[in-house]
Amino acid sequence: MGVTKVSRDLLTKAETYREELTKFLGDLVSIKSFSAGEREVVQRIRKEMEKVGFDEVRIDGLGNILGRIGSGKRVIAMDAHIDTVEVGNEKLWKVDPFGGVVSDGVIYGRGASDQKAGMAAMVYGARIMKEEGLLGDFTLYVTGTVMEEDCDGLCWRYIIKEDGIRPDYVVITEPTNLNIYRGHRGRMELQVRTSGLSCHASAPERGINAIYKMSRIIAEIERLNERLTDDFFLGKGTIAVTQIFFKSPSQNAVADECTIQLDRRLTAGETKETVIRELQEVIQMAGEEAEIVELFYERPSYTGTVYPVEKYFPTWVMEEDSEIVLKTVNTYREVFGEEPFIDKWTFSTNGIATAGVFSIPTIGFGPANEIFAHSPDDQCPVDHLVRAAAMYALLPLRLSQ
């Protein structure tokens, strides 16, 4: 498929904003915005949205920034979370993680790929959309959402339930390497807790060691991971023990409580109910008694708002022949003059709420490659910003038609 006039015009227009896109993403990267600490980066985004001519820019009670263009019937949202994970071992970084360093056409730094690049490209995609008159009977919300790294989907539960904005379509701009992604595995965070009886460690037979009880359950969990369901598209469900805690009167006393933290990735057909049932069977197979603890996220946002959410994040997939996938594929062809690669994320996104909880048609398209997310090589090519902005300029119109 050749390059069309629309694609040539949009890519040429986006190219004129290369310098501004680079500076904007560099600014975003230079601002620390760990989960629940996004206030400063929100204000920087607000400044850029107002500069490029959004019809309305507001910040909601949780701290999400919502930029609106248009007031048409069909509601479309393009979303980027604006919080990041922390830096980790700074000695592993080749550049200042908050320097917004640009080298050989690539922007480096914490959050460059995951996912401030998506935020920068969306704002300029919206600018191009207005300047090129690519408007229609739709309302577009460009959202910079908070606390995703801590609790993906929390922000969209708030937007839908508290702000009263329920889109007809959602575009997730997490890194896809400029491919189209149509789903990913879900996940669940939970704990298992055993109880024992403390006694002096010099005579352990007098007590019941909660750690020993847990060790037998852990062995069964390791075996469970090997037999979990596989799916041809999403891949295999997984379970991993990620942390272990204990309670004991002293270092020379038998532990009377032991708790493990579990990360459970859910493939197609797996739900909270199936996970709980499997763990109950695992505990029984281990010959032990234990409590399964479902977890909630209750950390205050930077505005001070607490919005409790269970740590269950449902799996979601859009069918290949669904309207949102077909329209996004056709828009890609129109903008780039070639066939897209269609895949899924390895990690989890805010799509667990929009698609997984609320069943809103959701699609993924974003600059940068997810392999750099959370790594000391966090990066995004400037070319990706330009191309993504061109795609975002046309996609809302095509989704609304």
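Predicted model: local features only at pLDDT ≥ 70, side-chain atom pairs only at ≥ 80, totals over all residues.
Two strands pair if DSSP finds at least two bridges between them.

Select β4, β5 and β22. These strands form an open sheet of 3 strands in the order β4-β5-β22, and their pairing is antiparallel. The edges are held by β4 (101–103) and β22 (379–381); each has a single partner strand, so one side of each is left without a neighbour in the sheet. On average, neighbouring strands here are turned by 25° against each other, direction ignored.

**The β4 and β5 pair.** Next, display strand β5 (residues 106–108) together with β4: the two pair in the antiparallel sense over 3 bridges. Within this region, V101 is found opposite Y108 of β5.

**A helix pair.** Finally, select helix α6 (residues 210–226) and helix α7 (residues 272–285). Their axes come within 8 Å and cross at roughly 130°, which makes α6 oblique to α7. The crossing of α6 and α7 is right-handed. To view the contact, show the side chains of I217, E220, I221 and L224 in α6, which meet E278, L279, V282, I283 and M285 in α7. The residues of this contact of α6 with α7 comprise 7 nonpolar, no polar and 2 charged.

Key:
Residues numbered from 1 in each chain as written. Heavy atoms only, no water. Axes fitted to C-alpha atoms, helices over the stretch in contact; angles between N-to-C directions. Helix = DSSP H or I, 4+ residues; strand = E, 2+ residues; numbered from the N terminus. Parallel < 35°, antiparallel > 145°, perpendicular 65-115°, else oblique. Left-handed = near helix turned anticlockwise from the far one by under 90°. Contact = heavy atoms within 4.5 Å. Nonpolar A, V, L, I, M, F, W, Y, C, P; charged D, E, K, R; others polar.
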